[in-house]
Amino acid sequence: MCGIVGIIDQDRQPVDLLVLAHMAAALDHRGPDDEGHLIDGPVGLYHKRLSIIDPAAGHQPMTFGATTVVFNGEIYNYVELRDELKRRGHAFRTNSDTEVLLHAYVEYGLEFVKHLNGMFAFLIYDRDRGRVIAARDHLGIKPLYYRVDGGRTLFASEIKALLRHPEVRAAPDHAALKDYITFQFVLGDRTLFDGIRKVMPGHYMVVDIASGAMQSVQFWEPRFVVDPYHTEEYFIVELRRLLEDAVRIQMRSDVPVGTYLSGGLDSSLITTLAAQHASGLKSFTGAFREGPEFDETPYAREVAAACGSDMLEIVPTEHDFTDVLPDLVYHMDEPVAGPGLFPQFMVAREAAGHVKVVLGGQGGDEIFGGYARYLVAYLEQALKGAILETNEEAEHIVSLQSIIPHLPSLRAYTPMLRHFWSRDVFEPMDRRYFRLIDRSGGALELLSPDFRATYDTEEVFARFQSIFNHPHTLSYYNKMTHFDLVTNLPALLHVEDRVSMAASLESRVPLLDHRIIDLVTAMPPRMKFKGGELKSILKRAIQDVLPASIMQRKDKMGFPVPLHLWLRGDSRSFFRDALLSSPATQRGLFAAREIERLLDSEAPFGRRLWGVLNLELWHRRFIDSASVPLSTESLPCRFGSEART
């Protein structure tokens, strides 16, 4: 895992090493082991390295012939790909996956990305063709941002590095802000920073150095084209094979590997499979001691004992929260997702003291349908079909009778049900799912009248529709899981990347092997969501792997944080100082009286308060503060050089 920076100057001016290094210095936490740079006239590349594969010989930038790469991530199938390239006449001088990446580009051209199985973001400088290729992995596990400004194109692993360029100033993107208020993430390639964009997951961009022309190409997407020919037994056997193989190849490392273990289905599966490849595997579990509703360690201990893992428990505290949150906002670049990023960081920081790589279960809910809202949506569909004798999906995926045994999973979601069914019951599927994930209702009350006057729900809904109503997603279930795969999952992966990199730890996510996604999205929906059972197909594929108590759990927690308790305790002054301070009240974005009323109420600390708290801390850290001045004091103590193979 590493950090990369690139500058392309279309005015043909030589890249300034001082500026390039100043940008890269913002990524020191991503690559504390090594660094290097290449400047070739108007093209500059910088690399910060966290050494995982071939630590001695994997220095970057790495050059082969007229091609140079800076690379963040891992190519898990590099062993197989290297063997194939050897058969085609290629010779290798290192054992690194970076060199395999270079040779694959030389051999296959732009089609080489289709040969890669991994998590990656990279910049390839092709001198002979006068172009730079910027690519990001299938699901967007690794980040890559860019800014085009006049005659210059900038790339970086994190936004904060782009902000260090002397001609870049931080300003909010107001359209993106409306997405954040609605979903707590931003749709499409926008960020909360005006003019700064994301390279989209499953895409590569080709930048012509002379003209600055950019072409974006999608090389992969979750297609949801249903395979009607294979049997359920085939899908179950193939899924099990791919799960085992994904963990096997992601255990490849020249440094110690551990796992995250929450006690939930996904992390328990990954830990159990990983333990088959490493004796004494270390696993890391987080919990709070404020009550059993914040503690899953009994389940985690059972899994660790069953597979022989050495489990370490991490217990974050209220003091930890107020101490690290401002720094976490800095590491995140943008406020996204929920408060779970705090315990995730605390666990990552502890894990980094023992291992350099961790495997986790991220993505299982989006791939296999693990969110309670899918069951809520289909409970309404089943009622609608039973009452009105209608069917919107050509076949009954879930009937009212079949869904009843699985409804106890909704026991903790009665407030959601009450809110969801309070109005507009039996509307079209896109409207209903939008209501399930729309977080703007209560949050809008905390924003100023001026902001509310500019907020148009229908405008945001139209952007939502363009993604939700994908032409290949004919069933409600596929529409929901597709939307979450391409919007919600990247937001969660954003958190996964930042909290691990803040601790200089590499986080791998085997469930997001694109082969698994290709298989699951081809399954008939009724097979994946049989009777409305969450993660039905996954449970059938691994039924003999985990203890029965884990397989049968109906009390999924999702790493809840006791913020509503802390809000009444010693942290009260932290929340009030952040949200009712002069900078916050004078910003013109928040409704101070409504925020104060909420802080003084007995209502639980929910996502709406979390959303405005993060937004305020983000404004303070990035928008209110001036850019870091360019000076030699902020430069790294050494400049690395390029490596040629």
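How many residues line the second largest pocket, and which of them lie nearest its centre? Keep in mind that we're looking at a predicted model here. The lining takes in 38 residues, and the ones nearest the centre are Gly188, Met200, Pro201, Val486 and Pro490. Two elements each give two or more residues to this lining: helix H18 (457-468) and helix H19 (476-502). The largest share, 10 residues, comes from H19. As for space, the second largest pocket has a volume of about 630 Å³.

What sort of residues make up that lining? Here's how they divide:

| Residue class in the lining of the second largest pocket | Count |
|---|---|
| Nonpolar | 20 residues |
| Polar | 11 residues |

Now for a sheet. Strands of a sheet pair through backbone hydrogen bonds, and they can do that either parallel or antiparallel. In this model there's an open sheet of 5 strands with parallel pairing, and if you walk across it you meet them in the order S15-S14-S13-S16-S17. Strand S15 (310-314) and strand S17 (506-508) are the edge strands, so each pairs on one side only. From one strand to the next, the twist averages 30°.

Let's zoom in on one pair. Strand S13 (residues 257-260) runs parallel to strand S14 (residues 282-286), and 3 bridges join the two. Pick out threonine 259 and you'll find its bridge partner in S14 is serine 283.

Which helix lies across S13, S14 and strand S16 (357-359)? That's helix H7 (residues 265-275), which runs at about 155° to S13.

Definitions and conventions
Residues numbered from 1 in each chain as written. Predicted model: local features only at pLDDT ≥ 70, side-chain atom pairs only at ≥ 80, totals over all residues. Heavy atoms only, no water. 1 Å grid on protein atoms, 1.4 Å probe; cavity = no way out; pocket = protein on both sides within 12 Å on 5 of 7 lines; lining within 4 Å. Points joined across faces, edges and corners; volume = space filled by probe spheres on them. Helix = DSSP H or I, 4+ residues; strand = E, 2+ residues; numbered from the N terminus. Nonpolar A, V, L, I, M, F, W, Y, C, P; charged D, E, K, R; others polar. Pairing = 2+ DSSP bridges. Axes fitted to C-alpha atoms, helices over the stretch in contact; angles between N-to-C directions. Contact = heavy atoms within 4.5 Å.
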